[in-house]
Number of protein chains: 2
Amino acid sequence: MATRKQKTIAQHAGELELIAGIRKRVARLGQAGRGGVRLGIGDDCALLRIKAGEELAVTTDLTLDGRHFRLDWHPAEAVGHRTLARGLSDLAAMGARPVAAFLSLGLPAELTRARRGQKPWVARFYDGLLALAEAHQTPLAGGDLAQSPLAVADIVLVGAVRAELALKRSGARVGDAIYVTGRLGGAALGLELLAQNNGKPRRAAHPELETALGPHLYPQPRLEQGQTLSRRKLATAAMDLSDGLSMDLPRLCAESGVAAEVEAELIPCFPGATLGQALHGGEDYELLFTARPGTRLPKAIGGVPLTRIGQVVARRKGRSVVSLIREGHRTALAAGGWEHFGARG
Amino acid sequence: MATRKQKTIAQHAGELELIAGIRKRVARLGQAGRGGVRLGIGDDCALLRIKAGEELAVTTDLTLDGRHFRLDWHPAEAVGHRTLARGLSDLAAMGARPVAAFLSLGLPAELTRARRGQKPWVARFYDGLLALAEAHQTPLAGGDLAQSPLAVADIVLVGAVRAELALKRSGARVGDAIYVTGRLGGAALGLELLAQNNGKPRRAAHPELETALGPHLYPQPRLEQGQTLSRRKLATAAMDLSDGLSMDLPRLCAESGVAAEVEAELIPCFPGATLGQALHGGEDYELLFTARPGTRLPKAIGGVPLTRIGQVVARRKGRSVVSLIREGHRTALAAGGWEHFGARG
């Protein structure tokens, strides 16, 4: 390439130091993992083992500056956290346990340099990512790094789930009840507050704002909840809410060949969030799942409430796939969430 | 995000059509695969199975416009081919068989649109990628798509290899012979020819130039060779040559705790390539491996020659890790290849 010979020795040295530092931090984390990683960073591939009778669950999520975050709005730690959370949430949606994560990172050179005595952006990005990885015992087993004019991060999660117990989008049947974990609309509310403050939440920080920004900046993947639903065979279908209920529920319906009714009064809104934010706001990363009507579900799993929001019904010609029931009236719930360019949430 | 509501319905429709088309092509490929993919594109994760007694090999490689290819130089088919070849080559280096590939793709909108009655760039990219995938029975089991100002592709390969038989970088011992597959320097030669023609090889195309550009535009991952070396326990260590012999051999030495001597007269140069291109040129994607001195190696595997180029020696203070022996003289073989910003080849 044209750029092939343009690097200075100093740049090289800085990069190697950065790699060495990451390797050291990741090595500690690898040892803290569950022994699934047999060979980590430093060879052509990582080597992983899963248990007999398990299937692999694999997901990749691309995070881009200007599309999934803004360098001028989001703290670097939050970008790292959110990058990993997107992948972990996909594992949660299958009921899988994390085995290892892989991160491909492309960054402008200035984000890898210390500035005014402060940690480089990339170190804070890893702080956020590795803290969440540690919380969920997920070793970072490899990846790729490149200099790039655009900040881009692709996260790969490899998980394991008992064969036949994976939660799919395709298992919902007419008569099933529809549930969500946690509360909805918190991420959309946080994003709005961030936008109102022009991306400077910390200058005006007060406890209430911090709480309100939490679901947007630091969403919690519902791994324990997904694994419990899978292990105890409580759910017939599941997915994670990455693009908003009004965008994601039709996808679950499409894969299952069914339709759905959502009852507005039952939606668990995040404190301060509007019903619109709860229905259409993306990035809550709560689980959406269905269960047979006779299934006895706990009220909460790991402190996170499970709330029934509607029911699975048969498809009917001329009626929208998802209906919203509000004060006795039925309306079509049109997708108002944020669809990525691609199909995978 | 700021872009959240900016998309028109027409854009959405085009994107959904694109996804549907890819899904259809990939579904065909999935069925042609080896049955390891149990659930492909369309759910939160793909589900994969490997055989009892196998380990997983996982690798990710980031490909960026301006760094790993140039939109104005490289045909879209070649960019697709090279994107997948990088990942497959990492599996080859471990002796693993491919189970599934995942692609995260970020593209400027204009690359997804047909222009002057021609296929959109992205369709030709997939033509190149899927042709190589089919040749190596590698189903594309998922990924992510996003609009991006920079063209970026992250390829993830999941492979399987019999436990304990994976070829690692760390197994070389003093006295081992050092080998390479195929011929070296072809990719560097092709890149130089491409640069001389200012990225327009096809206008001046003649058969000789086509042949010379082959190794650069369409490198062949050495999967059969790696799998044979692993299965027949012929190699003590292996890696793929992505950044050039002078950059990659020191990495193998570092992981094994040894040094190496390379004999200039033994290097198998690609026809027309200089010794410098063979030693320092990257992206040949041949395998570099070591074998015990008594090991009887075939002259070729699958028509690709194996050539001894030197030997593993003990580290000596004050001597460079890799020495070049040329006409009886020893010199340090300094890394002159192309180091990416990152460590993984």
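**Before you start**

Residues are counted from 1 along each chain as its sequence is written, while chains are lettered from A and ligands numbered from 1 in the order in which they are written. Because the model is predicted, local features need pLDDT of at least 70 and side-chain atom pairs count only at pLDDT 80 or more, whereas totals for chains, interfaces and linings use all residues.

**Stop 1: chain A as a whole**

Select chain A and colour it by secondary structure. You will find eight helices and 14 strands. Helices (H or I, at least four residues) and strands (E, at least two) are DSSP runs, numbered from the N terminus. Of the 345 residues in chain A, 56% are buried. A residue is called buried if 20 or more other C-beta atoms lie within 10 Å of its own, exposed if 12 or fewer, and partly exposed in between, with C-beta atoms placed from the backbone.

Contacts come next: two residues are in contact if their C-beta atoms, placed from the backbone, lie within 7 Å. Among the contacts in chain A with a separation of 6 or more, 84% join residues 24 or more positions apart.

**Stop 2**

Where they meet, 19 residues of domain 1 of chain A are in contact with 19 residues of domain 2 of chain A. Which element gives the most to the domain 1 side? That is α2(A), with 11 residues. The domain 1 side has nine nonpolar, five polar and five charged residues. Here Ala, Val, Leu, Ile, Met, Phe, Trp, Tyr, Cys and Pro count as nonpolar, Asp, Glu, Lys and Arg as charged, and the others, Gly among them, as polar.

**Stop 3: a sheet with strands from both chains**

Strands of a sheet pair through backbone hydrogen bonds, either parallel or antiparallel. In this tour, two strands pair if DSSP finds at least two bridges between them. Follow the order β5(A)-β4(A)-β6(A)-β3(A)-β2(B)-β1(B): these six strands form an open sheet with mixed pairing. β5 (140-147) of chain A and β1 (37-39) of chain B are the edges, each with a single partner strand, so one side of each has no neighbour in the sheet. From one strand to the next, the twist averages 20°. For angles, axes are lines fitted to C-alpha atoms, for helices over the stretch in contact, and values run from 0 to 180 degrees between N-to-C directions.

Zoom in on β4 (97-107) and β6 (152-162) of chain A, which pair in the antiparallel sense over nine bridges. Look for Gly106(A) opposite Val152(A). Then select helix α2 (76-94) of chain A, which lies across β3 (54-64), β4 and β6 of chain A at about 25° to β6(A).

**Stop 4**

Select β5(A), where eight of its eight residues are buried. β5(A) pairs with β4(A) in the parallel sense over seven bridges, and Ser104(A) stands opposite Asp144(A). Trace the chain from β4(A) through helix α3 (121-135) of chain A to β5(A): this β-α-β crossover is right-handed, meaning that, with the strands pointing away from the viewer, the path from the first strand over the helix to the second runs clockwise.

**Stop 4: Asp90(B)**

Move to chain B and select Asp90(B), in helix α2 of chain B. Is Asp90(B) buried or exposed? Asp90(B) is buried, because 30 other C-beta atoms lie within 10 Å. Leaving aside neighbours within four places in sequence, the contacts of Asp90(B) are Asp44(A), Cys45(A), Thr59(B), Leu157(B) and Asp240(B).

**Stop 5: two loops**

Most residues other than glycine have a negative phi. Glu327(A) is not a glycine, yet has a positive phi of about 50°. Find Glu327(A) in the loop between β13 (322-326) and β14 (329-332) of chain A; Glu327(A) is exposed, with 6 other C-beta atoms within 10 Å.

Finish at Lys233(B), which has a positive phi of about 50° although it is not a glycine. Lys233(B) sits in the loop between α6 (223-231) and β8 (237-240) of chain B, and counts as partly exposed with 14 C-beta neighbours inside 10 Å.
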